[in-house]
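Please examine the sequence and the three-dimensional structure shown below. The briefing that follows describes selected features, grouped by topic.

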Amino acid sequence: MSVNGQSVSGDVEPRTLLVHFIRENLGLTGTHIGCETGYCGACTVHMNGTSIKSCSMLAVQADGAEISTIEGMADGDNLHPVQEGFWERHGLQCGYCTPGMIMQAAYLLEQDNAMSEDDIRHGLEGNLCRCTGYHNIVKAIEYAGAKMRGEEPAPAEWETSA
Amino acid sequence: MYPRPFEYIKAASLDDALAALNDNEGAKVLAGGMSLLQMMKLRLFSPPMVIDIGGIDGLGEINDNGDHISIGALATHNQVATSPLIQEHAEALAQAASWTGDVQVRNRGTCCGVMAHADTAADQTAAAIAVGATMVVRSAGGSREVAAHDFFVDALTSALEPNEILAELRIPKAGGASSYDKLGRRGGHSDYAVAGAAAWVSKSNGSIGDARIAVTGVGTKATLAAGSVEAILGSDGGADAIAAAADRATEGITVLEDLYGSEDYKAHLAKVFVRRALEQAIAKA
Amino acid sequence: MTATMGGTTTSAMGGIVRRKEDPALIRGQGRYVDDIKRNGELAAAFVRSPFAHATITNIDSSAALAMDGVRAVYTIGDVRHLGPLLAQVPVGKLRPLLADGVAKHVGEAVAMVVADSAAVAEDAAGAVVVDYDPLPAVIDLKEAAADTTKVHDDLDSNVLVTWVSHDWWPGVFDELEDHRPAIEEAKQRDDAVVVSLEMTNQRLIPVAIEPRAVLAEWSHGYGTVDLFSSTQIPHALAGAVAKTFGLTSHDVHVVAPEVGGGFGCKLNIYPDEILVTFASKALNRPVRWTETRREAAFSTIQGRGWVATATIVGTKDGEILGYELDGIADMGAYSQNFTVAIPVLGLYVAQGQYDIPLAWSIKCVATHTQTTDAYRGAGRPEAAYYVERIIDAYAREIGMDPAEVRKKNYFSADAFPATTAIGLTMDSGDYAMSMDALLEHAGYEALKAERDQARIEGRHVGIGISSYVEVCGFAPSVLAEFGFGWDHYGLPSSFSGSGLVRVNPDGSATVIIGTGPSGQGHKTTWAQVVHDQLGIDYDKIRVSHGDTAESPMGVGTFGSRSAAVDGAATFEAALKVKKRAADIVAHLLEAASEDVQFADGGAHISGSPGHKVTWAEIAEVAYKPHKGPDGMEAGLEAHAVFSPGNATWPFGSHLAMVEVDADTGNVEILKYIAVDDCGNRISPMLVDGQLHGGIAQGVGQAMFEEARYDEDGNLLSGSLVDYPLPTAGDLPSFDLTHTTTPTDVNPMGVKGIGEAGTIGSAQTIVNAVVDALAPLGVKHVDMPLRPRKVWAAIQEAKG
């Protein structure tokens, strides 16, 4: 398979999950594990351009696929607009769900970079965050959407309120 | 969270998969894996062999075949939810698919996988019954067709024999209109159905000429609500007729309590959603 | 003082900066315990009891030990000499490191397997054969309190302690009045209205998204042990491991790297932390264990779990004559860190914001379930829930607006510092101002009109409000004498905060604090504090925490304490540095020290801004004393330990508007508005972030979450499939605003914000739902407001 544009290979037991292959064989530890039932979304990566949960796939199922992880999102010093949005709008606290959130948000915005707040919220239902109440995650994604549309993001709430 | 060890075969064709399935007792077919892998990770289920059909070409399509629409074994929930063909001819199924799991699950999980898994609280199973779907079942020995309302046998049990694969789901282009509505376990439309109902109706001469209604979440399987169908057939589809049909939502169905509701509550919800699904379908028909 | 950074305006106190924590985290480069590897690591897995109460008659490890890659299987006999697990408040039965002859709750660890990989360890754990002889279990709180079945044969009763408001700390608060007789008398008054409700504040599973993980590496050569743990209390863990293994605390090096959420559940010493250390020592290899999500329900503490009856007696015109709360709190089978002390934190704020007589009695009861301990709010959400729910019921009973009833009974602004019924002193507050701000900000009258119009249309819309007062910023050393304190971990450090500020020879600053954050943004906040005091560029301040080898002392992060205690310590350390630096600047610029001002990356003399030196120049002199004033002490760093004289008492007022689908019982939150007062805000952005998350957790309790046990003690909702957390789609955006009432307990006037949202929110939602259903006759629905329960309450009210 290719991961973040690099061809990778490895021999694994059939039972090796894609997330374990990414973390342990490739050492890309930005993809996290928060549950074992496919509910938390911390392991979200892109496979062939769609967002998937890498805990819910065997590594062997991804043979030949193109995988992108959080480590592939920034281009050197240039952050992906979603990464920038999370930083600018305080879209993260402990950071554990953040890579999955960013991958999911990037996928959503690739489908539609002018999503409504409601669509963003429902698009994130497979990604659990226990710190932020999602409030600033939504703001971060709206910031990124504006950037991707070439527009100036709305000012932060703390810039407009006392 | 590590599954027990198993043997893995990546099938190159459906025939290969069927042969492997025939030759290996206890082998399980892996498509999207949204249900199978979760059970394997929790070690609730540990098949000795997994046959991966995910790489087989041509199974992931939704096609217009003239008098019916064909949903391939690998077509995902997202494909079903967003397919203009499904939205036009089987809107209930598109709605049910759009409320299945979450975005990532809908990107990987398959409609046929949901049918084969036969969860008691799946959404698309009820919709498949309502839209009159036919399951095209393949085995090494040949092929057979099973009507959706006969396909779901019990909790997590479909009509599939151990050596069979659900290769395709066919939906007749029967006109009329369909709708699905539910209460999800997390509330609203989110997560598996506490209870849900799908309805398809076709009008003729101002009355309900044909109908199928199915409920999910309330018993062991998605089930045709025969009493409701009987009540709505031939009626004017007005509020009274809908109420009468809703009242019979669980007729002949053994309603079971679970973590998400008592028998009374589930029976009540079945009526609510039969009513809502019928209202929506009749309004569109 | 204002600086700019990356296009975002930055300043110190009250300013906005982008977080220092984020660049690594948004790139996936954050290092959590599971991302840290050691050569030759082994992995552990646990065999857990399927029974809530059972005698263990035999453990056969032979099949597991025969498997390839299995290194060891340990049972209690191997580790009994190390236990039981240490606790801060050792009341009740302390937890053995592994089940000792009898399993006392489902999921109790019975054996630990160590193998070459986590997968093999899990395989082998399944191959350990344990024979059990099941015994009767007691799960129900009332049955447990009645001692129908004993949890521990060697304890007199399942009731471990009963906290009573007028007699909670004999020897210190001996003169407290028992308000119970007066309240009973008030009930007999002709104009008395008595409203009473039994309400459950259900068991919760904390679910930090990062499961707990620990990696231990024992070095026989160095005589040390390195521990990486996902913990909120690294110093306490070092103390506990040192005490357990007979080391001194500096032989144990604990690192809490990035910690993926805590919420109190990582505020414990856990058996696994001791056991992997033991295994590492025994096997001479690093040993790792990471809990799975399902396992976490048994391997990590749970929270809440109260059933209590709240009673208000008042007049028909809204004067409250007394408030009683009598109930039972579930401790689980074993006492861990705080366990029986959690209800005391509720007692601290038992009467809420109301200047009313209080009679309070909570029994702490053992059951055959997982231990309960601190979960976000820890006792205070329970207390706020009961008083704020019953005051709403009282308002409804007398037909008065719930906001009016509250305002009529608040402590008045001029009562502060105010003394509570249990003898504590609340530092500062203006509760009516807070409620007025909420009502105005929310447009309360318009919302009520909107609700009433919806009702005419047949919709079930409701408005709920709640006041709350929190107690946090722990705090005074005297508390340690109550039993709260780290002495039992070999760390007699009380709750003091620690801050070390070092100006490096190049003029940058390193700040080392004693906290153990899990997302709160301490690196950002403390850099703001130091930047504000010293004027060193925000980008040149690096803050470090969670490493016991770096930090002189520490207590950790919990109880909304970090800013008010460690923050204050850092502030004082910065002041000490400032004083010494001022002498250097005065010497260099030939002026008086008193006239030196620090800003913009250096210092100048007051009144002549052009006359200045940079921090690099100041630092050079500090480390080359011959260039400085005669007799100058070389170096430029200071450490301060801060122990405030009191806790702090934040407060606020919340409002929610909901709509209920009466056909299904489904609840939708339409609006959520909050006014909070945490004193001065160092970082308004981070304060709001804490509130958002806190409110979401309260909403989670109100609507979604419950650790449900069956009568045999099986946990029915241990995975995220059955334990729904609120998702983005379930919540609205939150509308936050603030009032500012500083405290004089610490020099920055800050109070604390980590738990406020959770303490204010659950009852706000429930009050709104009850308001929505009041026209149908519903008076109460227990949390969580799952549709099935809401619907059942409607049916019951219909009769």
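How many residues does the contact take from chain A and from chain C? The contact takes 43 residues from chain A and 48 from chain C, where two residues are in contact if their C-beta atoms, placed from the backbone, lie within 7 Å. This is a predicted model, in which local features need pLDDT of at least 70, side-chain atom pairs count only at pLDDT 80 or more, and totals for chains, interfaces and linings use all residues. Residues are numbered from 1 along each chain as its sequence is written, while chains are lettered from A and ligands numbered from 1 in the order in which they are written.

**Confidence**

- The model scores ipTM 0.98 and pTM 0.97.
- Chain C has a mean pLDDT of 94, and 96% of its residues reach 70 or more; pLDDT is the predictor's confidence in each residue, from 0 to 100.
- Over residues 1–12 of chain C the pLDDT is below 50, and this stretch has 31 contacts in the model beyond near neighbours in sequence.

**The side of chain A that touches chain C**

- At least two residues of this side come from each of helix 2 (81–88), helix 3 (98–111), helix 4 (117–123) and helix 5 (135–148) of chain A; helices (H or I, at least four residues) and strands (E, at least two) are DSSP runs, numbered from the N terminus.
- The residues of this side comprise 22 nonpolar, 15 polar and 6 charged. Ala, Val, Leu, Ile, Met, Phe, Trp, Tyr, Cys and Pro count as nonpolar, Asp, Glu, Lys and Arg as charged, and the others, Gly among them, as polar.

**A helix pair in chain A**

- Helix 2 and helix 5 of chain A pack at an angle of about 135 degrees, with their axes 8 Å apart. Axes are lines fitted to C-alpha atoms, for helices over the stretch in contact, and angles run from 0 to 180 degrees between N-to-C directions.
- Helix 2 and helix 5 of chain A are therefore oblique to each other; angles under 35 degrees count as roughly parallel, over 145 as roughly antiparallel, 65 to 115 as roughly perpendicular and the rest as oblique.
- Residues making the contact include A:P81 and A:F86 of helix 2 of chain A and A:Y143 and A:M148 of helix 5 of chain A.
- By class, the contact of helix 2 with helix 5 of chain A has 8 nonpolar, 1 polar and 3 charged residues.

**An open sheet in chain C**

- An open sheet of 7 strands in chain C has the order 5-7-3-14-11-12-13, with mixed pairing; two strands pair if DSSP finds at least two bridges between them.
- The edge strands are strand 5 (70–74) and strand 13 (252–255) of chain C, each pairing on one side only.
- From one strand to the next, the twist averages 20 degrees.
- Strand 12 (residues 224–229) and strand 13 of chain C pair in the parallel sense over 4 bridges, and C:L227 stands opposite C:V254 in strand 13.
- Helix 4 (residues 118–125) of chain C packs on the sheet, and its direction makes about 25 degrees with that of strand 3 of chain C.

**Hairpins in chain C**

- Strand 24 (residues 596–599) and strand 25 (residues 602–605) of chain C run antiparallel, joined by 4 bridges. They form a hairpin with 2 residues between them, and C:D600 in the turn has a positive phi of about 50 degrees.
- The bridge partner of C:A599 in strand 25 of chain C is C:G602.
- Strand 25 and strand 26 (residues 608–614) of chain C also run antiparallel, with 4 bridges; in strand 26, C:K612 is the bridge partner of C:H604.
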